[in-house]
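Please keep the structure open while you read.

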Amino acid sequence: MHKVIYSSKDTVIENITDFDLGSTLECGQCFRWDKNDDNDYTGIVSGRAARVIQQEGRLVFKNTTPDEVNSFWYQYFDLGTDYGRIKEILSKDDPIMTDAVLFAPGIRILRQPLFETLVSFIVSANNSIPNIKRVISALSRMWGEEFRYDGKTYFAFPGAKALAEGEICDLQLTKAGYRCDYIKRTAGMFFENPLTANDLKAMDYHEAKELLRRFPGVGAKVADCTILFSGSHFRAFPVDVWIKKVMEQLYLKEETPLQKISDKAYDLFGNMAGYAQQYLFHYARMNRI
DNA sequence: CTGCAGGCCGGCG
DNA sequence: CGCCGGCCTGCA
């Protein structure tokens with residue numbers, strides 16, 4: 001069980017296992033965390049920010065109350081889930097996965113706000129990570145609420161209304177290119193019919209995916225990323241070029257179309273396919289497959 | 001200068 | 001229907 005300690009404005013969670021802050025924040029599931037000079041990270045989620053540092057089994061939230069850690073960040077980092085058990089189940093009778101989990105034993109799937117995740121992955125399509133971060137930062141600076149934390153100013157990710165009504169396509173301020181139109185239209189639809197991760201959870205996985213795909217700029221991969229990285233369904237298995245290569249090379253042994261890779265992933269990993277995707281993705285990048 | 005980055009859309013066969 | 005070329009932008 002985790003022990004939460006509060007001292008001199010910091011909140012510390014002790015006895016954390018199967019968790020690595022760096023690989024969790026740098027595996028490409030989130031775009032608003034930056035590494036500082038020290039080993040700490042500063043991140044913005046919705047309208048709040050945190051500076052976090054990991055010291056082995058301790059996770060320190062700088063200038064943050066235990067109340068905020070308990071009510072928000074604990075869930076966000078998915079600290080209530082037993083990843084040791086997940087890795088054990090995935091590794092059983094699977095030598096490939098046994099190897100893969102060792103490359104990123106502390107990775108976790110964040111539970112991120114739905115609208116922010118949806119827009120972020122629309123931006124991610126055919127884009128590079130530095131560019132994605134720039135665009136999201138610009139959207140927030142232009143149309144997000146300003147707030148302060150730890151003596152600095154930050155900008156919340158904008159709400160659907162702000163993006164739907166903002167002149168986000170006319171000016172070249174966000175550098176989102178042709179994705180501007182997708183963002184604006186998606187924001188408009190989202191504002192008309194708001195949706196939460198809990199709504200998606202209440203549906204069947206396929207139903208949730210189909211629903212998300214109705215938003216412009218959302219195809220199979222973006223829909224799966226949104227479902228997985230908002231913590232809605234953990235069988236979502238986003239297939240990008242890396243995952244395609246690693247699945248073909250290690251499991252399927254032949255060229256396979258994208259949709260079929262998704263199906264095979266469910267056959268192999270079932271409701272834990274999403275976790276498997278994270279380990280395999282990390283493995284592929286580390287080994288430059 | 002060309003190619004490409006964690007895809008999606010639309011038009012064509 | 002499934003396939004495939006084009007695409008904002010920044011960077012190597």
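1. In chain A, the mean positions of the 36 positive and 38 negative charges lie 3 Å apart; here Lys and Arg count as positive and Asp and Glu as negative, while His and the chain ends are not counted, and each charge is placed at NZ of Lys, CZ of Arg, CG of Asp or CD of Glu.

2. Please bear in mind that this is a predicted model, in which local features need pLDDT of at least 70 and side-chain atom pairs count only at pLDDT 80 or more, whereas totals for chains, interfaces and linings use all residues. Side-chain values use heavy atoms, leaving out hydrogens and water, and residues are numbered from 1 along each chain as its sequence is written.

3. As for overall form, chain A has a radius of gyration, taken over C-alpha atoms, of 19 Å, which agrees with the value near 19 Å for a compact globule of 289 residues; the rule is 2.2 Å times the number of residues to the power 0.38. Its C-alpha atoms fill a box of roughly 50 × 45 × 35 Å along the principal axes.

4. Of the 289 residues of chain A, 52% count as buried, meaning under 20% relative accessible area with a 1.4 Å probe and protein chains only.

5. The structure holds zero disulfides, a disulfide being a pair of cysteine sulfur atoms within 2.5 Å. The sulfur of C180 is too far for a bond, because the closest cysteine sulfur, in C169, is 4.8 Å away. C225 is in no disulfide either, the nearest cysteine sulfur, that of C27, being 10 Å away, and C225 counts as buried at 2% relative accessibility.

How values were computed
Chains are lettered from A and ligands numbered from 1 in the order in which they are written. Buried means under 20% relative accessible area, exposed over 50%, partly exposed in between (1.4 Å probe, protein chains only).
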